[in-house]
Amino acid sequence: MHIPRTGDAGRYAWIGMFISEVLFGLYWIISQFVRWNVVHRYPFKDRLSRRYEDKLPAIDIFVCTADPILEPPSMAINTVLSVMAYNYPPEKLSVYLSDDGGSELTFYALLEASKFSKYWIPFCKKFAVEPRSPEAYFALNIDLNDSVFAQEWFSIKKLYEDMKTRIVSAVEKGCLSNEIKGQHKGFSEWNSKVTKKDHQSIVQILIEGWNPNAVDIDGNPLPTLVYLSREKKPQCAHNFKAGAMNALIRVSSEISDAPIILNVDCDMYSNDPDAIRDALCFFMDEKKGQQISYVQYPQNYENITKNDIYSNSGPPILKIELAGFDGYDAMPYIGTGCFHRRESLCGSKYFENRIVEWNDAKDKIKGRTIDEVEEASKLVANCSYEKGSQWGKEMGLVYGCAVEDMVTGLTILCRGWKPIYYNPTKKAFRGVAPTTLDQALVQYKRWSEGLFQIFLSKYCPLIYGHGKIKFGAQIGYCMYLLWAPISLPTLYYVVIPALCLLHSVPLFPKVFGLWFLPFAYVFVAKSAYSLIEDLSSGNTLKGWWNFQRMWVIRRTTSYFFAFVDAVIRQLGFSETGFVVTAKVVNDDVLKRYEQEIIEFGNSSIMFTIISTLAMLNLFSLSWGIKKLVFGTTFGALENLIPQIIICGLIAMVNLPVYEALFFRRDKGCMPSSVLFKSIVIASMAVLMPIY
């Protein structure tokens, strides 16, 4: 009703704002579909009854790592040790470590862990230790009043610290001594020709769980433990984590072939020793269990600060959004902390009246030597094995997308299976969240780019899922798949009102006029809705405010670059890549993170954009306040008040940015080059005419 006429200043800026408002409204409606259908799942009481003990299925556990520098071997083996110590029959557990870095350092760390497990597992079970990651456990304040327990505690801690010292020392040196290499035949796989991107398949069984001699210090059986590094050749596509997972599926089928598979990232240790039994409650349910494809636990982190400075945990996502997906029987697969039914992961379609036999795992070990088993396993981990097959298409994880887990979960849903989302009070898995802003933004850039690729591909849920999954689930998936394009209206909203304010071009109705009420209502109602949702999910007020800041920063940087890169790849000018997020930081960075001080510290183009937008809105806010206080009458500025408010809000969420630009002197502040570039770019933007 109030479109500026042709020739009026700001006509096209106003039209752009209107389009942005419409897109925001549509995206908000999309986000509400999952919120209308929240379901909370609970396994039956007392976990699995003891009468099922003999019927418990075998479990294969996959731990994935890709780089011994960014993902230290000492971290990976803590995850391995935590899953080896589950309260579950050890003869039914097989743990596989996939090392996509092909590093003898990682193999050495796993060899050390295999020796330490003989002491660690019986200690955990004897004293009901939790958590069962040694690093996490020994970081706790433990009551040592019991002399017997204290003696064993100190003994085990010394064994662990000695092992960790040996591993860390080897990683720092970057090589192993001949003495160490003489400890196991597996080291012969590494020679001068082996590199991270060019090596043969390496499979080494470190603990033969089926061997009666494979026991801990108390004489109890140990889980099977296997090291895998699939073949890499420069001329072959390796498909990143999806390729590693598919190699694990095939290799494990040659050794243990368990009907249930748990996969975790190397930084996500098991926090609940009974998590397997909880998950099996769903799979073994007599009425609905046969249709369950996977049980997905949420991603929880152990290093989240009180107010979650980078908004990594997202309580409303875990407690509302994902529970809403579960209401549609459409929980996404998020890549870690997930128990899979092997047959659904391998491409089988669900059909009614299936007969499930949990003890039907093929015993392929009998009659074969360890060397024969390892050689057979190497063949299925070779680059050539997948050629001409359905692996990466109809079998295993789907290739061709940076977020292979999401698209894989979608294909499983469309075959008739139903997943479960289970978010227990006691966290089943705990990992490491990014501790710098750069890490957090790079991670979200990769996620949002991969998600938008799915939307642009044949796997778009509105097309691929049509008639196969519920409409609400299709729309719910789009909430994540459209992260990247929603960056465009956000950028427009952050830039244009500020520029129009500097040129005295109004974009909103008069602040005391009737037509301003809808804008005021939407802003107040949505903010209150978001705040109540956050607080009811367990977040703090400051945590909610930090989320508002990260909401703006992600959309104007990570999501925007993801949109650009996804479009470029869609046009065929580049290929999909994969970035491993660093899991280690120095002590100074960690100290600032714990104090909830945002870490900048480099000249990333993302930081230049953040600073430029902050400076632009600061310039506009300063001009608007100056006019209000010293210049024009209030009536003449009444139309510009909403834009002053918008610039003020953006300036408020950017207070840590101004602090990093002008006041901080630590290594985490904004470099002077970023300050210079942001001022120059913002100053040039101010001179742009408004049409």
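1. Helices here are DSSP runs of H or I with at least four residues, and they are numbered from the N terminus. The model is a predicted one. On that numbering, A128 lies in the loop that links helix 3 with helix 4. Its phi is near 50°, a positive value in a residue other than glycine. A128 counts as exposed because its relative accessibility is 53%, and the cut-off for exposed is over 50%.

2. The loop between helix 3 (104-127) and helix 4 (134-138) also holds P131. The peptide bond between E130 and P131 is cis, with omega of about -10°.

3. A positive phi also occurs at S504, a residue other than glycine, where the value is near 60°. S504 is placed in the loop between helix 16 (487-502) and helix 17 (516-536). With a relative accessible area of 40%, S504 is partly exposed.

4. An open sheet is formed by 8 strands in the order 3-4-2-1-5-8-7-9, and its pairing is mixed. At the edges stand strand 3 (202-207) and strand 9 (418-421); each has a single partner strand, so one side of each is left without a neighbour in the sheet. On average, neighbouring strands of this sheet are turned by 20° against each other, direction ignored.

5. How many bridges join strand 1 to strand 2? There are 7 bridges between strand 1 (residues 59-65) and strand 2 (residues 93-99), and the two strands run parallel. Strand 1 also pairs with strand 5 in the parallel sense, over 6 bridges. F62 can be followed through both pairings: it stands opposite Y96 in strand 2 and opposite N263 in strand 5.

6. Strand 5 continues the sheet to strand 8, with which it pairs in the antiparallel sense over 4 bridges. Here N263 has C338 of strand 8 as its bridge partner. Since 5 of its 6 residues are buried, strand 5 is largely enclosed by the rest of the structure.

7. Helix 2 (residues 73-84) lies across strand 1, strand 2, strand 3, strand 4 (224-229) and strand 5 (260-265), and runs at about 165° to strand 2. Helix 8 (residues 275-283) packs on the sheet as well, where it touches strand 1, strand 2, strand 5, strand 7 (292-296), strand 8 (338-341) and strand 9. The direction of helix 8 makes about 150° with that of strand 7.

8. In helix 24 (residues 655-663), the buried residues are P656, V657, Y658, A660 and L661. These buried residues pack against four helices: helix 18 (541-556), helix 21 (605-630), helix 23 (641-653) and helix 25 (672-686).

9. The largest cavity holds about 50 Å³ of space. Which residues line the largest cavity? The lining consists of V494, V552, I553, T556, I610, L613, I650 and N654.

10. Helix 18 gives the most to the lining of the largest cavity, namely 3 residues. Helix 18 and helix 21 each supply at least two residues of that lining. By class, the lining has 6 nonpolar and 2 polar residues, with no charged residues.

How values were computed
Residues are numbered from 1 along each chain as its sequence is written. This is a predicted model: local features need pLDDT of at least 70, side-chain atom pairs count only at pLDDT 80 or more; totals for chains, interfaces and linings use all residues. Side-chain values use heavy atoms; hydrogens and water are left out. Two strands pair if DSSP finds at least two bridges between them. Axes are lines fitted to C-alpha atoms, for helices over the stretch in contact, and angles run from 0 to 180 degrees between N-to-C directions. Contact means heavy atoms within 4.5 Å. Buried means under 20% relative accessible area, exposed over 50%, partly exposed in between (1.4 Å probe, protein chains only). On a 1 Å grid over the protein atoms alone, a cavity is a set of points where a 1.4 Å probe fits but cannot get out, and a pocket is an open set with protein on both sides within 12 Å along at least five of seven lines; lining residues have an atom within 4 Å of a point. Grid points are joined across faces, edges and corners, and a volume is the space filled by probe spheres set on the points. Ala, Val, Leu, Ile, Met, Phe, Trp, Tyr, Cys and Pro count as nonpolar, Asp, Glu, Lys and Arg as charged, and the others, Gly among them, as polar.
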